[in-house]
Amino acid sequence: MPELPEVETVRRGLEPVMAGRVIAHAQVNRAGLRWPFPPQMAERLTGVQVLALRRRSKYILADLSSGESLLIHLGMSGRMLISGAQLGDFHHDHPAPAKHDHVVLDMEGGARVTFNDARRFGAMDLLPTAGAEAHPLLAVLGPEPLGNAFDAPYLAARLAGRNTPIKTALLDQHLVAGLGNIYVCEVLYRAGIHPERRALSLSADETARLVPLIRDVLAEAIEAGGSSLRDYRQADGELGYFQHSFRVYGREGQPCATPGCAALVHRLVQSGRSSFFCPHCQR
Ligand SMILES: [Zn+2]
């Protein structure tokens, strides 16, 4: 499932072929994905210019010259593919339409952007740009983890009195938007905080330590995604899924990466999600 860094990587990959460009033709091949598409979506997208591409949590918003914004959510398996455009050193011809190509945007200038989603948990919607933050999917979101509103006093206030595990609290999208399972595991490992610790039990120091670590972990992953846009992985025109090495996530039974620690990484299941942690380094 794409997390915030993957979505940001997709946004950055789409930017050069979409931002400032007119959608010459939009083709919509089904009535909807997770939810129905808005009425006349193809007509409303055709002939309008994409003014800007931005990201809110795991949503991409394409602001359009029509005053609407196209909201894109990749869901579990959604993929954005670019063809017909020069990408780095590679030129991608348009591939034959594939089974799960649900929305195809032909941009002026020749690039084709295809939204392919085999499991169909993704979503697209059109909303007024002016009131975008009021969209039901966006209105419930907490501050961006890389934004100024997310700071130590804010986090301390939101964790105070909260009896849930810190892992669960950080995954709460009302508290902070876009933090997912993989990156929360990495953050708690670096912070030396056990994923089962009650949120209210964190000291002021521990809470203050979390904010820059969250920013670091996400920024490093976004940087890795940016590298993937420049290297061979982009050769197939698919955006956003990149190799990134994790210090603790997915490493059950392997030695802890902290120098001098002889413990093995453990896994436990919290709220149906795997937590990876070092029982020695994380207390
Ligand atoms: Zn350790």
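Hello everyone, and two words on the ground rules. Residues are counted from 1 along each chain, as its sequence is written. Because this is a predicted model, local features need pLDDT of at least 70, side-chain atom pairs count only at pLDDT 80 or more, and totals for chains, interfaces and linings use all residues.

Let's begin with the layout. The chain splits into domain 1 (4-139) and domain 2 (152-277), with bounds that come from an automatic or database domain assignment. Their C-alpha centres are 28 Å apart.

Now to a sheet. Helices (H or I, at least four residues) and strands (E, at least two) are DSSP runs, numbered from the N terminus. Four strands make an open, antiparallel sheet in the order S2-S3-S4-S10, where two strands pair if DSSP finds at least two bridges between them. At the edges sit S2 and strand S10 (123-128), each pairing on one side only. From one strand to the next, the twist averages 20°. Axes here are lines fitted to C-alpha atoms, for helices over the stretch in contact, and angles run from 0 to 180 degrees between N-to-C directions. Helix H1 packs on this sheet, where it touches S2 and S3, and its direction makes about 175° with that of S2. If you look at strand S4 (residues 68-73), you will find six antiparallel bridges to S10, and Glu68 stands opposite Pro128 in S10.

Next, the annotated sites. An unreviewed UniProt entry gives "active site" for Pro2, Glu3, Lys58 and Arg273. UniProt positions are in the numbering used here, feature names are shortened, and annotations may be inferred rather than shown by experiment.

Is Lys58 buried or exposed? Lys58 counts as buried because it has 24 C-beta neighbours inside 10 Å. The rule is 20 or more other C-beta atoms within 10 Å for buried, 12 or fewer for exposed, and partly exposed in between, with C-beta atoms placed from the backbone. Lys58 lies in the loop between strand S2 (50-56) and strand S3 (59-64). Leaving out residues up to four places away in sequence, Lys58 touches Pro2, Leu4, Val7, His73 and Gly178; contact here means C-beta atoms, placed from the backbone, within 7 Å.

Glu3 comes in the segment before helix H1 (4-18). With 17 other C-beta atoms within 10 Å, Glu3 is partly exposed. Beyond residues up to four places away in sequence, Glu3 touches Gly180, Ile182 and Tyr183.

The unreviewed UniProt entry also places "domain: FPG-type" at residues 247-283. That span is 0% helix and 27% strand, and its end C-alpha atoms lie 17 Å apart.

From Pro259 to Glu43 is 216 residues in sequence and 58 Å in space, C-alpha to C-alpha.

Finally, the core. A nonpolar core is a set of buried Ala, Val, Leu, Ile, Met, Phe, Trp, Tyr and Cys residues joined through C-beta atoms within 7 Å. The largest one has 67 residues, and Val113 and Leu188 have the most contacts inside it. Helix H6 (residues 181-191) gives the most to this core, eight residues. Both domain 1 (4-139) and domain 2 (152-277) supply at least three residues each to this core. Leu188 touches, among others, Ile166, Ile193 and Phe277, not counting residues up to four places away in sequence.

Methods:
Two residues are in contact if their C-beta atoms, placed from the backbone, lie within 7 Å.
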